[in-house]
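Hi everyone, thanks for coming. Today I'd like to walk you through some side-chain contacts, so please have a look at the structure with me.

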Amino acid sequence: MTAAGSAPTAGTGWTDTDADGAARRVRVRVPATSANLGPGFDAFGLALGLYDEVEVEVTSTGLTIDVVGPDAVAQDETHLVVRAIRSTFDLLGRAQPGLALRCVNRIPHGRGLGSSAAAIVAGIVAAAALTRADLGPEFEAGAAANPGNPGVARPGALSYETAADPGSAALAGSDWMLRLAHDIEGHPDNVAAALMGGFTVAWQDVGGACCLRVDPFAELRPVVFVPTTRQSTEASRGALPALVGLPDAARTLGRAALLALTMSAAEPAGAAQRARTLFSATEDLLHQPYRLPAVPATGELVARLRALGVPATLSGSGPSVLALAVGGEQAAAAVGTASSDFSVAPLSVDRYGAQITRLDADK
């Protein structure tokens, strides 16, 4: 179990060479995520085995962006990865260099699968790697944790001291990265799962966003149903009421606590019991009843899946659907419900989160 929460120390300006030891070109792989999982509104996140990849190279001047993927995106300073990189350089006190980006986008945009969170996390993690002079040992540790993928490090391995208190102990890089990602995104659920992997519970304290991460149970088989239609998070949030009744809030709170326990690999329940519990735990009365009427095909699919006993929820703000199947048999039953309105993707759980490869490690 891993907790996250802080801020880094300021750095220096860019040099004309690699003499400072900082990486000049990195690749970051970031998973898709599904947030809420029913009752965990703006708190729960699950990292999924579908990935965007971003290569970032420091150049002397200018900005170039090469994008591979089906969705049209900005190719200037408003690009979300670029904005996250610039924000990170500013936070670290580094001069803004020229940049060359290559983005391979596999996470569909506007479908409730964390595409914006992936872009933000990719930019922050890339900028953090590009500003560090001592990545070598951390990359070796990352490679040991990821056999067959040498030169890869998890962002939690990077460390800085707190700018506000230089005498304090070094804090995990994921702490300040999470808080910066939350500041850019506006809510912490997707960015926490994208950064840390696994199942995450995110919250905010007086210092900013924090998260707790656990490994989900081994039999979890997520299935994602992606419609052709898109929906913005802002529009979906606009359908939510300002107030909900106490009975609905209390019922959903109980379901959220049950879901958090059921998702954890530390809970020793058998597969059949876990499937029954997970079905009850994914009931929600806070946001789904207000969002689903705007996407009737999504609502009908959720209802069909749940009629089969499959724990199914709106993925984030939608309009995609997430089935939290337990075991291969239930996953196959979920896949069989797909209609022509949705593409279906059985996915693994991503257990690593964002990963860094320094492409100039041999220089």
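Let me start with a term: a residue is buried under 20% relative accessible area, exposed over 50%, and partly exposed in between, with a 1.4 Å probe and protein chains only. A word on the model too: it is predicted, so local features need pLDDT of at least 70 and side-chain atom pairs count only at pLDDT 80 or more, while totals for chains, interfaces and linings use all residues. Residues are numbered from 1 along each chain as its sequence is written, and side-chain values use heavy atoms, with hydrogens and water left out.

Let's take the aromatic rings. Rings of Phe, Tyr and Trp (its six-membered ring) pair if their centres lie within 6.5 Å; planes under 30 degrees apart are stacked, over 60 edge-to-face, and the rest tilted. How many aromatic pairs does a search of the whole structure find? The search gives 1. That pair is phenylalanine 44 with phenylalanine 199, edge-to-face, with 5.3 Å centre to centre and 70° between the planes. Phenylalanine 44 is in strand β3 and phenylalanine 199 in strand β9 (residues 199–205), so the contact ties together parts 155 residues apart in sequence. Both phenylalanine 44 and phenylalanine 199 are buried. Strands here, by the way, are DSSP runs of E, at least two residues, numbered from the N terminus.

On to salt bridges, meaning a side-chain nitrogen of Lys or Arg within 4 Å of a carboxyl oxygen of Asp or Glu. The count by this rule is 10. One of them joins arginine 27 and glutamate 55, at 3.0 Å from N to O. Arginine 27 sits in strand β2 (residues 25–35) and glutamate 55 in strand β3 (residues 44–59), 28 residues apart. Buried or partly exposed: where does glutamate 55 fall? At 19% relative accessibility, glutamate 55 counts as buried, whereas arginine 27, at 27%, counts as partly exposed.

Another salt bridge pairs arginine 102 with aspartate 66, with their closest N and O atoms 3.5 Å apart. Arginine 102 belongs to strand β5 (residues 98–104) and aspartate 66 to strand β4 (residues 63–68), so parts 36 residues apart in sequence are tied together. Arginine 102 is partly exposed at 38% relative accessibility, and aspartate 66 is partly exposed at 39%.

Last, a charge over a ring: that needs NZ of Lys or CZ of Arg within 6 Å of the ring centre and within 35 degrees of the ring normal. Arginine 29 lies over the face of tyrosine 51, 3.8 Å from the ring centre.

Definitions and conventions. Helices (H or I, at least four residues) and strands (E, at least two) are DSSP runs, numbered from the N terminus.
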